[in-house]
Amino acid sequence: MPDPFAYLLLRLRQDAGRTQEEQAEAINAVSGRDTMTRREISRYENFENIPTHHTIGHIAAACGVPIEELQREAKAARARKRKGHTNAGEAQDAVKRRTLLGGAAAGVSAAAEPWGSLAIALSKGSKIDSPSVGALIDRAAELHVQELNLSARRLQSTVESHLDAITATLPRAGEHERALTIAAGETAALAGWVAWDLGEHDKADAYYKVTSQCATTAGHPPLRALALTCSSYGASAPKAKLEFLSQAARDVRGHGNATAAAWVLGRHAEEAAAAGDEMGALRALERARFAYDFADHTSEQAWVRFVTPYRMDSLALSVYGQLGRPELTATADTAVDRLGDKLQQVVSMSPEKPRDSCPNMRLVVGCGNSP
């Protein structure tokens, strides 16, 4: 009979819907180090090894359970191991009845999906300081940068694992609750975009909804703009697309949002052109270009990194092409000149086109290479 603690670690992983390799990745996402392996997870679950006190903290965060309870179970397991037996009197059924899983900070057993866990965490309102908040926020920003160079398929598990880690910490964030909530929303939006890119549209919608919930909780309108603009790609009707983008444009007014405003307005121009509203499209494109003149996509929100000059060229080409405008040729020439020798192929950002092997949310210049 496996030791109850080993069985408990197995249950935590299974309730989170992860393989042993995915569990190792989730723990590494929390620790910020690539030291955990599938083999080590297997050793834990077969009671060959017991995680260190430090690792227990990472496992608790990755699985969304209270660290104190997991440490208590580990302490009991070490005592049993010293005695050379696994306390056969404690059956596995007793482990199933423990309160650890039911009392998880982020409700792992109640909501295994990352967006479900995040929604539960947002409703808790507990305020306990967490020393890892800063690292979690920095990691969320890094993932948006990595998105420029990694395919959706390679990125998905890493993003979702990090969302699990933020979710587990969020109810205990204390004075950092607002900043961590924003980071959670940004990570959820990236998870939604990755899911959409992989054809998992219902999953993407769930992520975008919880991103908007984070925006409301944190009082941070630009975060809602991110969710709305991403959602605009999947809206079924042109009117709905434009309504999403109009609201998003209002959400990114103000200092520090110039790049986000340029993207939102550029998207509005695209959809207006698709709807045949030439005047509206040209006006929105002009506003997008004006906003970009004041933008610095490398120093504003992490999620605007993809809005490069090449991306703005692609938005203009899309608008002029749909409208049959004479500016198309001159704009294309300017775009080619800007790309120079790096030009291999130009692929506009379009979720309808499969790009599993290419980076997402940007104008791609040579699949896999940042322009």
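Trainee: Which helices cover the buried residues of helix 2?

Mentor: Buried means under 20% relative accessible area, with exposed over 50% and partly exposed in between (1.4 Å probe, protein chains only). Helices (H or I, at least four residues) are DSSP runs numbered from the N terminus. The cover of helix 2 includes helix 1 (4-15), helix 3 (38-45), helix 4 (53-63) and helix 10 (152-169), where contact means heavy atoms within 4.5 Å. This is a predicted model, in which local features need pLDDT of at least 70, side-chain atom pairs count only at pLDDT 80 or more, and totals for chains, interfaces and linings use all residues. Residues are numbered from 1 along each chain as its sequence is written, and side-chain values use heavy atoms, leaving out hydrogens and water.

Trainee: Which residues of helix 2 are buried?

Mentor: Gln20, Gln23, Ala24, Ala26, Ile27, Asn28, Ala29 and Val30. In helix 10 sits Asp164, which counts as buried because its relative accessibility is 14%. The C-alpha atoms of Asp164 and Ile27 are 10.0 Å apart, although 137 residues separate the two along the chain.

Trainee: How is a pair of packed helices described?

Mentor: By the angle between their axes and the distance between the axes. Axes are lines fitted to C-alpha atoms, for helices over the stretch in contact, and angles run from 0 to 180 degrees between N-to-C directions. Helix 15 (residues 258-274) and helix 17 (residues 309-323) pack at about 15 degrees, with axes 8 Å apart. Helix 15 and helix 17 are therefore roughly parallel (under 35 degrees; over 145 is roughly antiparallel, 65 to 115 roughly perpendicular, the rest oblique).

Terms used:
Helix = DSSP H or I, 4+ residues; strand = E, 2+ residues; numbered from the N terminus.
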